[in-house]
Amino acid sequence: MKFKNILMVAMGFLFAHVAYTQEGLPIYTDYLTDNYYLIHPSMAGAANCSKIRLTARQQWFGQEDAPKLLTLSVNGRIGDSPSGIGGILYTDKNGYHSQNGAYATYAHHLMFSRSEADLNMLSFGLSAGFIQYRLDETSFLFDGPDPIIDGIVQNQTNFNMDFGFSYQFLDFYAHGTVKNVLENSGINKDTNITSNLRRYLLSVGNVFSKYGSAWSYEPSVMFQFRDATKEASIDVNAKVYKEMQFGKLWGGLSYRNSFDGAEYTRSGSVNSQRLQQITPILGINYNEFMVAYNYTYQSNSVVFTNGGFHQFTLGYNFNCRREPYDCNCPAVN
């Protein structure tokens, strides 16, 4: 393939990613490391313990100014009430573009079962927060005046909201969330790109196990859809858990596939490719602590690099108020 064609496709994916980084907190596979609250506000306080989760993600390891993400989240119940609260802080940097965000969450949980021994719960959650966008144009190269380059550091702070629900019945769960409900201006001069950053998420899964067995298995899917660009993708996930004396060992595999792609030319013919990522996950729960690692491999033909996507998650559970639910439901037990 000619270098020009490689460059055009790479720039296409780059500018698409820059536009998406203005959508608030990026969605990778960190939600699979016992961190559903990070993308679904209705999960604030849904578990029988309060949770703290810290994640660090580095993309294209070893490359200067490569994308990197840090998140810190905490959530839990308000005493013995059916209400939960949470908070998220994050910083996301991608070359010249960066953003910092802070969200506060309130969730309410309706229990339909006669007791907490059997899980049958419907939850609603609302997150509201501020996102500060920053674009450093001081080192941009151009030969003269350009209407889209100001040559300064641009800053813009926007307010936005996420709303969602969760339903959990024994070992089954479903989550639905609308992210970025409000319109933003961002720092992109093309407001047709940044004014509507709404994204829809739907997650469904179930945990299977035999009575008395230390092993359990959790298949799940997550579908996401961007309202403005009409782009969609799906995550197909599989996790396995092994109960241990000290806690739990678990691992899994996630496959992300986009329904939309980009065209490129090879040997005089036009080809197309869609985003495809494979992510193995490994974690351990030791008493109240949790540690997880995942690595993402991008299997596309035309990419900057296929690998180098590392992510670590550290977690701590505290303030456990009640006995675990009588179900194999890792997200709430």
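This is a predicted model: local features need pLDDT of at least 70, side-chain atom pairs count only at pLDDT 80 or more; totals for chains, interfaces and linings use all residues.
View A. Two or more lining residues come from each of the strands β7 (172-179), β10 (215-226), β11 (231-243) and β12 (247-266). Sorted by class, the lining of the second largest pocket comprises 18 nonpolar residues, eleven polar residues and eight charged residues.

**View B. The largest cavity, one of three cavities of 30 Å³ or more in the structure.** The volume of the largest cavity is about 110 Å³, and, of the 15 residues that line this cavity, Leu 38, Ile 88, Tyr 103, Asp 162 and Lys 179 are the closest to its centre. The lining of the largest cavity divides by class into seven nonpolar, five polar and three charged residues.

**View C. The second largest cavity and its lining residues.** With a volume of about 90 Å³, the second largest cavity is lined by Asp 34, Asn 35, Tyr 36 and Tyr 37, by Met 43, Ala 46 and Ala 47, by Lys 51 and Arg 53, and by Asn 75 and Ala 331. In terms of residue class, six members of the lining of the second largest cavity are nonpolar, two are polar and three are charged.

Key: Residues are numbered from 1 along each chain as its sequence is written. Side-chain values use heavy atoms; hydrogens and water are left out. Helices (H or I, at least four residues) and strands (E, at least two) are DSSP runs, numbered from the N terminus. Ala, Val, Leu, Ile, Met, Phe, Trp, Tyr, Cys and Pro count as nonpolar, Asp, Glu, Lys and Arg as charged, and the others, Gly among them, as polar. On a 1 Å grid over the protein atoms alone, a cavity is a set of points where a 1.4 Å probe fits but cannot get out, and a pocket is an open set with protein on both sides within 12 Å along at least five of seven lines; lining residues have an atom within 4 Å of a point. Grid points are joined across faces, edges and corners, and a volume is the space filled by probe spheres set on the points.
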